[in-house]
Amino acid sequence: MIDPFKKMLVYLDGSEDSVSAAMAAIALAKRLDATLTAIYVVNTRALKDLVKARIFLDSEELEYRRDIEGDAKRYLRHVQELGAQKGVEVIPVKTSGTVHTEVRNYLQENHIDLLVLGGISEIHSRRDELLSETDRMMRTAPCPVLVVRDNDAIWEMFETLPNVKPEAAHDTY
Amino acid sequence: MTLTDVLEKDLVKVPLQATTKSAIIEELVDILVRSRHKYNRDDILAAVLAREALGSTGLSDGVAVPHAKTSAVDAIEVVMGITPTPIDFDAQDGKGSQFFFLVLAPEKESGAYIEVLVSIARATVSPVMRRLLASARSADEVLRLFID
């Protein structure tokens, strides 16, 4: 039987849900012997929107961009380390732009066959639904999408995977 | 994260009583501190005023978004208030401001903070939404407008 998924992508946004999604993706990649990439998109579109709306000063845009770049590095490194614990290489990708567009482009250009997402929060309004980047990623992905919801079960599944000798993560993005 | 994830009934006041820019900011901070006793009023006020000193957060079309990233809060907080009539908030279009969103974020939540600010900007860009907000008479009505 041919393994259904060989190239997986997990989307990170700094939330606990996205880290859980990464843990599920690591477990699945190990089981399927698939390659796993983690992507963090620095949402420069949102920053530009805030400057355009004049909510942010130019100096604030720079400050917050630096903050989010730092978050991206930190979370990508963390997920690389989680993967290393379980013997799964996680390829880190940091990019910037409009989140759902960047993710869709990466999926297409790299022939990814499974997108793993966490962070599907409760939708309070139609406006939220229209504007949610996660919803838009789900709707525009050209491949199957796995939505990870149950954090406790995922943590348990991850913890039961045998550890291997950890290797230091490297910044390769 | 969006505005509706963090906006709570206790943190919405219609109408606001204050009639000057500084008093509006203080009233919004007071609403937060009354609801979250763990926060220090003076620290929050200092952070908001420090940001305001860099440039007014009075935008256009009656919307103002005083905001600050500060260690004085431990979660993203939004307080919303509406004045019965527009007041001078040094808005960029020179008009009065009527819809006020105080947004505060801890130091390490920049991503979610930006999402909430974008959510406010997008929700208030609609003239219809602003008219509906102006006619709202209670916190419940305001919440319904954002959730609907």
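This is a predicted model: local features need pLDDT of at least 70, side-chain atom pairs count only at pLDDT 80 or more; totals for chains, interfaces and linings use all residues.

**Entry 1: the sheet of chain A.** In chain A, 5 strands make up an open sheet with parallel pairing, and their order is β3-β2-β1-β4-β5. Which strands stand at the edges? They are β3 and β5 (145–147) of chain A; each has a single partner strand, so one side of each has no neighbour in the sheet. I also looked up the twist, which averages 25° from one strand to the next.

**Entry 2: what lies on that sheet.** Helix α3(A) packs on the sheet and touches β1, β2 and β3 of chain A. Its direction makes about 165° with that of β2(A). Helix α4 (residues 99–109) of chain A lies across β1, β2, β3 and β4 (114–117) of chain A, and runs at about 155° to β2(A).

**Entry 3: a closer look at β2(A).** Strand β2 (residues 35–42) of chain A kept turning up, and I gave it an entry of its own. Is this strand mostly covered or mostly open? It is mostly covered, with 7 of its 8 residues buried. Next I followed its partners. Strand β1 (residues 7–12) of chain A pairs with β2(A) in the parallel sense over 6 bridges, and Leu9(A) has Thr37(A) as its bridge partner in β2(A). Strand β3 (residues 90–96) of chain A is joined to β2(A) by 7 bridges, and these two also run parallel. For spot checks on that pairing, I found Ile39(A) opposite Val93(A) and Val41(A) opposite Thr95(A).

**Entry 4: chain B as a whole.** Along the sequence they follow the pattern α-β-α-α-β-β-β-β-α-α-α. How does the radius of gyration of chain B sit with that of a compact globule? A compact globule of 148 residues would be near 15 Å, and chain B has 14 Å, which agrees. Its C-alpha atoms fill a box of roughly 35 × 30 × 25 Å along the principal axes. Buried residues account for 45% of the 148 residues in chain B. Of the contacts in chain B with a separation of 6 or more, 70% are between residues 24 or more positions apart.

**Entry 5: strand β4(B) and its partners.** Strand β4 (residues 77–87) of chain B is mostly covered, as 8 of its 11 residues are buried. In which sense do its two pairings run, parallel or antiparallel? Strand β1 (residues 12–13) of chain B runs parallel to β4(B), joined by 2 bridges, while strand β5 (residues 97–105) of chain B runs antiparallel to β4(B), joined by 7 bridges. I picked one residue pair from each: Val12(B) has Met80(B) as its bridge partner in β4(B), and Val78(B) stands opposite Val103(B) in β5(B).

**Entry 6: Ala68(B).** This residue lies in strand β3 (residues 67–69) of chain B. Why does Ala68(B) count as buried? It has 21 C-beta neighbours inside 10 Å, and the cut-off for buried is 20 or more. Leaving aside neighbours within four places in sequence, Ala68(B) is in contact with Ala47(B), Val48(B), Arg51(B) and Leu104(B).

Entry 7: Val14(B) and Pro15(B) are joined by a cis peptide bond, with omega about -5°; Pro15(B) is in the loop between β1 and α2 (21–35) of chain B. His111(A) is not a glycine, yet has a positive phi of about 50°. His111(A) lies in the loop between α4 and β4 of chain A and is exposed, with 10 other C-beta atoms within 10 Å. Asp61(B) also has a positive phi, near 60°. The loop holding Asp61(B) runs between α3 (41–54) and β2 (63–64) of chain B, and with 16 C-beta neighbours inside 10 Å this residue counts as partly exposed.

**Entry 8: where the chains meet.** Last, I looked up the contact between the chains, which takes 21 residues from chain A and 22 residues from chain B. On the side of chain A, the elements giving two or more residues are α2 (44–52), α3 (58–85) and α5 (126–131). By class, that side has 9 nonpolar, 5 polar and 7 charged residues.

How values were computed
Residues are numbered from 1 along each chain as its sequence is written. Chains are lettered from A and ligands numbered from 1 in the order in which they are written. Two residues are in contact if their C-beta atoms, placed from the backbone, lie within 7 Å. Helices (H or I, at least four residues) and strands (E, at least two) are DSSP runs, numbered from the N terminus. Ala, Val, Leu, Ile, Met, Phe, Trp, Tyr, Cys and Pro count as nonpolar, Asp, Glu, Lys and Arg as charged, and the others, Gly among them, as polar. A residue is buried if 20 or more other C-beta atoms lie within 10 Å of its own, exposed if 12 or fewer, and partly exposed in between; C-beta atoms are placed from the backbone. Two strands pair if DSSP finds at least two bridges between them. The radius of gyration is taken over C-alpha atoms; the globule rule is 2.2 Å times the number of residues to the power 0.38. Axes are lines fitted to C-alpha atoms, for helices over the stretch in contact, and angles run from 0 to 180 degrees between N-to-C directions.
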